[in-house]
Amino acid sequence: MKKLSILALIISAAVIGCKKNKTSTATQTRPVSIGIAKIITHPALDSIEQGIKDELAERGYTDIRYNVQNANGELSTASTIANMFRNEKVDIAVGIATPTALALANQIKDRPVIFSAVTDPVGAGLHKSLDAEPGNIAGVSDMAPVKAQIQLIADLKPVKRIGHIYTPSEANGVSMKDMAQAACDEMGIELVLATVTNTSEIKQAAEILAPKVDAIYVSNDNTVVAALSSLTETATRYGVPVISADPSSAPTSGVTIAYGIDNYQTGRATGIMISQILEGAKPSELPVKVMDQPHELAGYIDPELVKRFELTVPAYME
């Protein structure tokens, strides 16, 4: 009989007390502790958090102690949160978005770290590939269909220049910028770039960018999405539509059209992975989950803005 590791014993004991068991009368030992770190708060990341909680609740986990922390866009705060989770010895640490996932992975080595909404886990250094691999890290990638999103912009109206704002310190933002550049190069479209370091710079970047372009593309860059309304207000004033990769934030942020990963479904997929860990799976046994199924994508259209900008919505978006 193989000896169980200390970590396995801890999680197994917690699961007995946390998950509904219709056939057992085992008494609860203690709740499962799950630390969730978000790089910033905005509708997309909040939807992921809710999806995680809803999935675990539906799977019968009735006594989980969540510790949800927001780094407010600061890498130093993300590191502080990771250190806190390590000292508290949470059973599972969850990093929503690349910076917080990296902070957790750098500091927590003796228990599962699950990443969520990491666009490029390989490029970020969380995994060497999308396959299962040794270690304590597993998770969910929200790699957006960037080429399809750029094609959507080209289908809406004739475009020569597309604007794009990104944060150089966000690995996911850089990865999607590179993919957008490749797609634009292939289609003969100029990608006009602007960089920001925090949300307070978004409006100024939009003021510089909007007069130069035919449309603005917003990726899954968390800094940009967190201040999306200031971008869309400026772009709309210049008569420039904003096409976003984040359907979650689109209805309340003035986006013209959005198409991309359903962030709530990303949360549900992350919840499934957490439940697998709680039921005995090891992170080293779990490949990266890529959100690429039809039900995992979503779209949004603002008909008033479509009419205002005289856009032609392609049949595949209707």
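Colleague: Leaving aside its neighbours within four places in sequence, which residues is Asn222 in contact with?

Modeller: This is a predicted model, in which local features need pLDDT of at least 70 and side-chain atom pairs count only at pLDDT 80 or more, whereas totals for chains, interfaces and linings use all residues. Residues are numbered from 1 along each chain as its sequence is written, and side-chain values use heavy atoms, with hydrogens and water left out. Asn222 lies in helix α9, residues 222-226, where helices (H or I, at least four residues) and strands (E, at least two) are DSSP runs numbered from the N terminus. Taking contact to mean heavy atoms within 4.5 Å, Asn222 is in contact with Ile39, Ile40, His42, Leu45, Ala97, Glu170 and Asn172.

Colleague: Is Asn222 buried or exposed?

Modeller: The classes are set by relative accessible area, with buried under 20%, exposed over 50% and partly exposed in between (1.4 Å probe, protein chains only). Because the relative accessibility of Asn222 is 4%, this residue counts as buried.

Colleague: In what crossing does α6 pass α7?

Modeller: Helix α6 (residues 146-156) and helix α7 (residues 171-187) pack at an angle of about 50 degrees with their axes 9 Å apart, the axes being lines fitted to C-alpha atoms, for helices over the stretch in contact, and the angles running from 0 to 180 degrees between N-to-C directions. The two helices are therefore oblique to each other, since angles under 35 degrees count as roughly parallel, over 145 as roughly antiparallel, 65 to 115 as roughly perpendicular and the rest as oblique. A crossing is left-handed if the near helix is turned anticlockwise from the far one by less than a right angle, and right-handed if clockwise; that of α6 past α7 is right-handed.

Colleague: How many nonpolar, polar and charged residues make the contact of α6 with α7?

Modeller: From α6 come Val146, Lys147, Gln149, Ile150 and Gln151, and from α7 come Met176, Met179, Ala180, Ala183, Cys184, Glu186 and Met187. Ala, Val, Leu, Ile, Met, Phe, Trp, Tyr, Cys and Pro count as nonpolar, Asp, Glu, Lys and Arg as charged, and the others, Gly among them, as polar. The residues of this contact divide into 8 nonpolar, 2 polar and 2 charged.

Colleague: Which residues have the most contacts inside the largest nonpolar core?

Modeller: A nonpolar core is a set of buried Ala, Val, Leu, Ile, Met, Phe, Trp, Tyr and Cys residues joined through side-chain atoms within 4.5 Å. The largest has 42 residues, and those with the most contacts inside it are Ile34, Phe85, Ile92, Val94, Leu104, Ile114 and Ile274.

Colleague: How far apart in space are Met273 and Val288, C-alpha to C-alpha?

Modeller: Met273 lies in helix α11 and, with a relative accessible area of 4%, is buried. Its contacts, leaving aside neighbours within four places in sequence, include Leu286, Pro287 and Lys289. Met273 and Val288 are 15 residues apart in sequence, and their C-alpha to C-alpha distance is 9.7 Å.

Colleague: How many nonpolar, polar and charged residues does the contact of α8 with α10 have?

Modeller: Helix α8 (residues 202-209) and helix α10 (residues 228-237) pack at about 25 degrees with their axes 8 Å apart, and are therefore roughly parallel to each other. The contact is made by Ile202, Lys203, Ala206 and Glu207 of α8 and by Ser230, Leu231, Thr234 and Arg237 of α10. By class, these are 3 nonpolar, 2 polar and 3 charged residues.
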